[in-house]
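Good morning, everyone, and thank you for making the time. I would like to walk through one model with you, going from its sheets to a single side chain and then to a pair of helices.

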Amino acid sequence: MTCFTHTFPNGLRLIHLPSDSPVAYCGFAVNAGARDEDPGEYGLAHFVEHLLFKGTARRKARHILNRMDSVGAELNAYTTKEDTFVYSVFMEEHFGRAFELLTDIVFRSTFPPAEIEKEINVIRDEIETYNDNPSELIFDEFEDLLFCGHPLGHNILGNEDSLRSFTSAAGLDFTRRFYLPCNMVFFSMGRFRPEKILRLAEEAWNGSCSPVPLHRRTPPPVLPAQNKCLSKETHQTHLILGGTAYSMYEDDRKRIALFLLNSLLGGGMNSRLNLALREKHGLTYGVESNLTAYTDTGLASIYFGTDAKHVGKALHLVGKELSRVCETRLSTSQLAALKKQVKGQMALSADNRETLFLFLGKQFLHHDRYETLPEVFAKIERISAGEILEVANEVFAPARLSGLTYD
């Protein structure tokens with residue numbers, strides 16, 4: 001289906017994807033996240049996301065929560081290193097209700113002082129829950145190792161000291177800096193016609209974009225590979241290996257070749273790392289290979305957990321598989337099978353409507369376009385075995401990888 005797009009006089013961009021389901025979606029994607037915080041503000045982007053639901057000039061917290069819940073709809077939000085998403089899922093007849101509420105909380109939140117202490121305690125519990133899960137915490141600490149001293153390195157949740165410094169004024173200042181129409185996208189998916197969105201939007205968004213300059217992001221420096229071991233009271237030893245990779249604006253062929261390679265290494269039960277570590281040797285319950293693309297850099301990593309006595313053997317096997325993809329070109333049949341598997345995985349992922357909706361918003365926020373599956377599949381088919389071998393040596397060559405261990 002063809003997307004409808006529009007840019008309003010205030011700079012806010014809109015994209016709507018028609019669908020044939022009575023369940024509809026809409027939300028705001030803001031081009032601001034944890035990396036946009038100043039020193040002393042660590043955790044503020046995530047704090048703001050929480051406080052959006054705690055009061056506006058028109059509503060108290062209980063009214064915000066009840067507005068969509070009372071009609072069986074969902075209201076949600078999340079923060080990443082570079083983005084904040086605020087959205088709702090609802091039956092299509094409640095689009096007007098969702099649109100008005102989201103506009104209210106995104107543009108008119110007041111960050112009531114009475115709500116701040118309660119929400120700080122909620123976020124503190126969120127941090128402690130995260131700290132209790134070494135298989136998740138290690139990813140944050142690895143980014144801190146890889147991007148040491150750079151805003152991409154600090155975690156999204158912040159820490160107790162920074163949380164205690166947050167006030168209503170801090171939240172309002174952050175939204176004045178970043179929650180600008182020209183720095184966000186409104187995205188939707190459903191059976192309703194774009195004309196309905198335009199009619200509501202022209203009534204609600206009739207201001208002009210503030211001329212306040214946006215925060216300029218500075219790319220992280222390229223640091224030499226390093227290894228770090230942290231003592232943790234965990235049953236298993238957790239390990240992560242990786243390094244910098246391509247940004248979301250890198251050449252399409254390189255990004256897609258790396259995407260294929262990542263799937264080959266750790267993208268399923270038949271991936272090379274899973275077959276080597278789990279199926280053949282029973283060294284780990286799970287091993288995974290991951291990619292993250294930022295606006296000016298990227299991250300590729302391999303993670304697994306195993307008993308301390310198996311660490312040496314597991315690392316040897318991982319190194320062996322990395323050397324293999326860096327030295328040996330895929331055969332024609334191997335490449336065809338890999339492409340078939342990746343396209344199948346992408347089709348299944350796109351069948352999850354919420355996943356598709358959020359991908360729509362993120363892609364339009366950063367690329368000002370939406371690529372359909374057939375368009376992506378066509379790009380995948382053009383990738384050669386030689387290109388995969390090239391990106392393997394640029395990203396996964398063992399000599400350029402850093403490592404972090406929880407022992």
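In what order do the six strands of the open sheet with mixed pairing follow one another? Before I answer, please keep in mind that this is a predicted model. The order is β1-β2-β6-β3-β5-β4, and the edge strands are β1, residues 4–7, and β4, residues 74–79, each of which pairs on one side only. On average, and ignoring direction, neighbouring strands in this sheet are turned by 15 degrees against each other.

Within that sheet, β2, which covers residues 13–18, runs parallel to β6 and is joined to it by six bridges, and P18 stands opposite G190 in β6. Helix α13, residues 353–367, lies across β1, β2, β3, β4, β5 and β6, and its direction makes an angle of about 150 degrees with β6.

Is S188 buried or exposed? Its relative accessibility is 0%, and because the cut-off for buried is under 20%, S188 counts as buried. The side chain of S188 makes a polar contact of 2.8 Å with the side chain of H16, and, leaving out residues up to four places away in sequence, S188 touches I15, H16, L17, Y25, C26, I197, F357 and L360.

Now to the other sheet. Here five strands form an open sheet in the order β7-β11-β8-β10-β9, again with mixed pairing. β7 (227–230) and β9 (287–293) stand at the edges with a single partner strand each, so one side of each has no neighbour in the sheet. The pairing of β9 with β10, residues 298–306, is antiparallel and extends over seven bridges, and the bridge partner of A293 in β10 is G298.

Two helices lie across strands of this sheet: α9, residues 252–266, lies across β8 and β9 and runs at about 160 degrees to β9, while α11, residues 311–327, lies across β8 and β10 and runs at about 145 degrees to β10.

Finally, a helix pair. Helix α1, residues 44–51, packs against helix α7, residues 168–178, at an angle of about 100 degrees, with the axes 10 Å apart; the two are therefore roughly perpendicular to each other. In this contact L44, A45 and V48 from α1 meet A170, G171, F174 and T175 from α7, which by class gives five nonpolar, two polar and no charged residues.

Technical notes:
Residues numbered from 1 in each chain as written. Predicted model: local features only at pLDDT ≥ 70, side-chain atom pairs only at ≥ 80, totals over all residues. Heavy atoms only, no water. Axes fitted to C-alpha atoms, helices over the stretch in contact; angles between N-to-C directions. Helix = DSSP H or I, 4+ residues; strand = E, 2+ residues; numbered from the N terminus. Parallel < 35°, antiparallel > 145°, perpendicular 65-115°, else oblique. Contact = heavy atoms within 4.5 Å. Nonpolar A, V, L, I, M, F, W, Y, C, P; charged D, E, K, R; others polar. Buried < 20%, exposed > 50% of the residue type's maximum accessible area, 1.4 Å probe, protein only. Polar contact = N/O pair within 3.5 Å; in protein donor to acceptor, adjacent residues only side chain to side chain. Pairing = 2+ DSSP bridges.
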